[in-house]
Every structure is written in structure tokens, then in C-alpha cells.
Amino acid sequence: MTCSFPTLLLTVVLVLAPLLPTEAFSTIGKTAGTARLTTFLRSSPLEGTVVVCTGPTCGRSGGKKSLSIFKELAPEGVEIETVSCVSECAECAMGPNVEIRKKGDDGPFYPIVNKVKSEEDVKNVLGIE
């Protein structure tokens, strides 16, 4: 039996989603016909650091625009940083990518949200309306 990568990813998300806290990835959306994780659900706004990738691939796909939206909308308690590549090319094709470093979390691995392009996407990451 074979299955496509999107089908496998969706299966993994549906199996693991009930095990994750409510602040974990939780909504699946559609973009250009492919499933993707689009939001974090939060009971309160994010506190911590958002690292926006502005590397070559993410920059071309909207990373610089996302950066300006994050800077405009970031509430007090949220720092916005940039990096040339947040995923060391493993997720470049899914950009623009942002890394979420919640206050109090220890690295070295932090959640990465893909395809953060619009004001709505930025608000979802920041946990604001």
C-alpha cells in the first residue's frame, strides 16, 4: 500500500493532535490544493520571540512582507527577529517560515509555522484578533 505525502502528514496530525496541548498546531487549512498547518490556538496572546525567515526562498515567497506585518502588529512582550533560514533549508519550499520561541521554552528546537503570508496568518501566530 502506498500513500502520498500530504495523506501521510494529515494522518500523523490527526493521530497526534489529541495528544498535544491546546497551544500546539491545531488547524488544517487549504492553500493551492495542499493541506497545511495554519494556526496556533492560544488562550492568550503569545509572549516570547518570533523569528521570521528572510532568506532567499522565504524572501521571494513573502518573508519580508510578513516581517513588516509582524513588526506592525506585535504586542508588548513579543520580540521580532530575523534569520536567513529558520529550518536550514528543510522547509524552504513551504515558506515564508517563522519560528515560535515562547517565553520560558528551552531550545534548541522550536515550532516552525509555514506559509505565514497574510495579516490574518500573522495575527493567528501572535494570538491576537
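1. In β5, arginine 101 is the bridge partner of threonine 49. β3 and β5 pair in the antiparallel sense, over five bridges. Pairing here requires at least two DSSP bridges between two strands. Strands are DSSP E runs of at least two residues, helices are H or I runs of at least four, and both are numbered from the N terminus.

2. This is a predicted model: local features need pLDDT of at least 70, side-chain atom pairs count only at pLDDT 80 or more, and totals for chains, interfaces and linings use all residues. Residues are numbered from 1 along each chain as its sequence is written, and side-chain values use heavy atoms, with hydrogens and water left out.

3. β3 also joins β4 (residues 78-83). These two run parallel, with six bridges. Valine 50 has isoleucine 80 as its bridge partner in β4.

4. β3 is mostly covered, with six of its six residues buried. Buried means under 20% relative accessible area, exposed over 50%, partly exposed in between (1.4 Å probe, protein chains only).

5. Gly63, Ser66, Leu67, Ile69, Phe70 and Leu73 are its buried residues.

6. The buried residues of α3 pack against β3, α2 (56-60), β4, β5 and α4. Contact means heavy atoms within 4.5 Å.
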